[in-house]
Amino acid sequence: MIKPESSLIDGAFAVCTAFDAAGFTAVLCGGSAATFYAPDAYMSADNDFVVTVELSRREISAILAPLGFREEGRIYVHDAVVWSLDFPRGPLAIGRDIVTDWATVRRSEQVLHVISATDSVRDRFMHYWAWNDYSGLVQAVAVAKAQRERVDLDSFRAWTEVEIAEAPVYSRGCVDTFFKALCE
């Protein structure tokens with residue numbers, strides 16, 4: 001149940017559990033995954049989920065209605081909380097890399113599927129790299145620092161090399177900036 005005191009992450013667990021009960025997998029991604037991994041460093045204004053199979057807006061609304069969410073434009077809102085829900089169209093991808101593995105976290109009877117900490121760093125970094133969104137760099141660094149033991153920086157670097165090879169518009173300088181910021 002969503003209450004005024006429900007945090008963004010409480011909502012993520014409730015929504016993911018509702019999709020799971022309906023037989024679908026919704027994976028938390030975007031800024032809300034960064035909030036999950038680095039709550040003291042970043043607070044997203046919405047929960048972003050990619051559902052692993054394509055569902056219509058009507059099907060999504062039917063799953064969310066019992067939780068009190070209603071469709072408003074392209075997002076879902078709830079009268080009791082300030083944060084919203086968004087369901088970007090899949091597939092779940094970061095750059096050219098399709099994401100097929102994610103973490104599954106259980107909290108009592110609830111479940112949350114969330115991109116890995118490494119993928120959260122890649123996702124936030126991509127916002128900086130592709131759209132020059134400096135806040136994406138700040139979020140990527142925050143997640144990498146908060147989840148030092150769980151973030152695979154070698155994998156991150158290898159991914160950047162593949163992206164640069166495929167799209168030379170991406171700057172190695174941005175990658176260097178990321179690694180320098182990790183040391184600060």
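A: Arginine 124 lies in helix 4, where helices are DSSP runs of H or I with at least four residues, numbered from the N terminus. The model is predicted, so local features need pLDDT of at least 70 and side-chain atom pairs count only at pLDDT 80 or more, while totals for chains, interfaces and linings use all residues. Residues are numbered from 1 along each chain as its sequence is written, and side-chain values use heavy atoms, with hydrogens and water left out.

Arginine 124 has a relative accessible area of 7% and is therefore buried (under 20% relative accessible area, with exposed over 50% and partly exposed in between, for a 1.4 Å probe and protein chains only). Leaving aside residues up to four places away in sequence, arginine 124 touches Gly30, Gly31, Ala34, Gly136, Leu137, Gln139 and Ala140, contact being heavy atoms within 4.5 Å. Serine 135 is 11 residues from arginine 124 along the chain, and their C-alpha atoms are separated by 8.4 Å.

Helix 4 also meets helix 6 (residues 153-166): their axes come within 10 Å and cross at roughly 40°. Axes here are lines fitted to C-alpha atoms, for helices over the stretch in contact, with angles from 0 to 180 degrees between N-to-C directions. The two helices are therefore oblique to each other, the class left over once angles under 35 degrees are called roughly parallel, over 145 roughly antiparallel and 65 to 115 roughly perpendicular. On the helix 4 side the contact includes Thr118, Arg122 and Met126, and on the helix 6 side Trp159 and Glu163 are among the residues. The residues of this contact divide into seven nonpolar, three polar and two charged (nonpolar: Ala, Val, Leu, Ile, Met, Phe, Trp, Tyr, Cys and Pro; charged: Asp, Glu, Lys and Arg; polar: the others, Gly among them).

With helix 7 (residues 172-182), the axis of helix 4 (residues 117-131) comes within 11 Å and crosses at roughly 130°. That angle makes helix 4 oblique to helix 7. Val121, Phe125, Tyr128 and Trp129 of helix 4 meet Cys174, Val175, Thr177 and Phe178 of helix 7. By class, this contact has seven nonpolar, one polar and no charged residues.

As for the cysteines, the disulfide count is zero, a disulfide being a pair of cysteine sulfur atoms within 2.5 Å. Cysteine 174 is in no disulfide, and the nearest cysteine sulfur, that of cysteine 183, is 17 Å away. Cysteine 174 counts as buried at 14% relative accessibility.
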